[in-house]
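Open the model in your viewer and keep the selection tool at hand.

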Amino acid sequence: MTVHVFQIGCRDIGRLGFEKFLDFEDYFPVDVEFEGVHCKDFDAEARAKKYAESHDKDLKFFDDIRELYSEAEDKKGSILIYDAGPPQLHSRNIARSLEHGFHHLTEKPPSVTREEHIAERRLASNSAVNYKVDFIEREN
């Protein structure tokens, strides 16, 4: 089984997650393919492209998040969306992933309001896929 990874956001914490995925892509116990990134910060995207090239990785960079989800729909296997975008968009991205049947890993916080959190939990309870929250800086 192949897990296809797509990332939203590659600034700050997203840069760290991006680099870790690329560094460890060949060492996961299952077949993992890092497919592409959507980042609205052009400087961060340029740094990510340079880092990927230095690791001989051929990734797609999407101008629009809808393009990322459309590409993900065409993949065979499991899909993981790693969300390191702005916190105010996490809840919307979680819902989009669950509606598409994609697993979703988001940086904290997953939601910024109680209503968003309740909606996420409700949607997740009726879904065959999961969303999880990463605490990449928990040990700092």
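This is a predicted model, in which local features need pLDDT of at least 70 and side-chain atom pairs count only at pLDDT 80 or more, while totals for chains, interfaces and linings use all residues. Residues are numbered from 1 along each chain as its sequence is written, and side-chain values use heavy atoms, with hydrogens and water left out.

Select V5, F18, L22, F34, V37 and L59 to begin. These have the most contacts inside the largest nonpolar core, which has 20 residues. Such a core is a set of buried Ala, Val, Leu, Ile, Met, Phe, Trp, Tyr and Cys residues joined through side-chain atoms within 4.5 Å; buried is under 20% relative accessible area with a 1.4 Å probe, protein chains only. Helix α2 (42-54) supplies the largest share, four residues.

Next, select F18. Beyond its neighbours within four places in sequence, F18 is in contact (heavy atoms within 4.5 Å) with residues including Q7, F34, Y51 and Y82.

Now show C10 and C39. C10 is buried at 3%, and C39 is buried at 6%.

S91, I94, A95, L98 and E99 in α4 meet E116, E120, L123 and A124 in α5.

How values were computed:
Buried means under 20% relative accessible area, exposed over 50%, partly exposed in between (1.4 Å probe, protein chains only). Helices (H or I, at least four residues) and strands (E, at least two) are DSSP runs, numbered from the N terminus.
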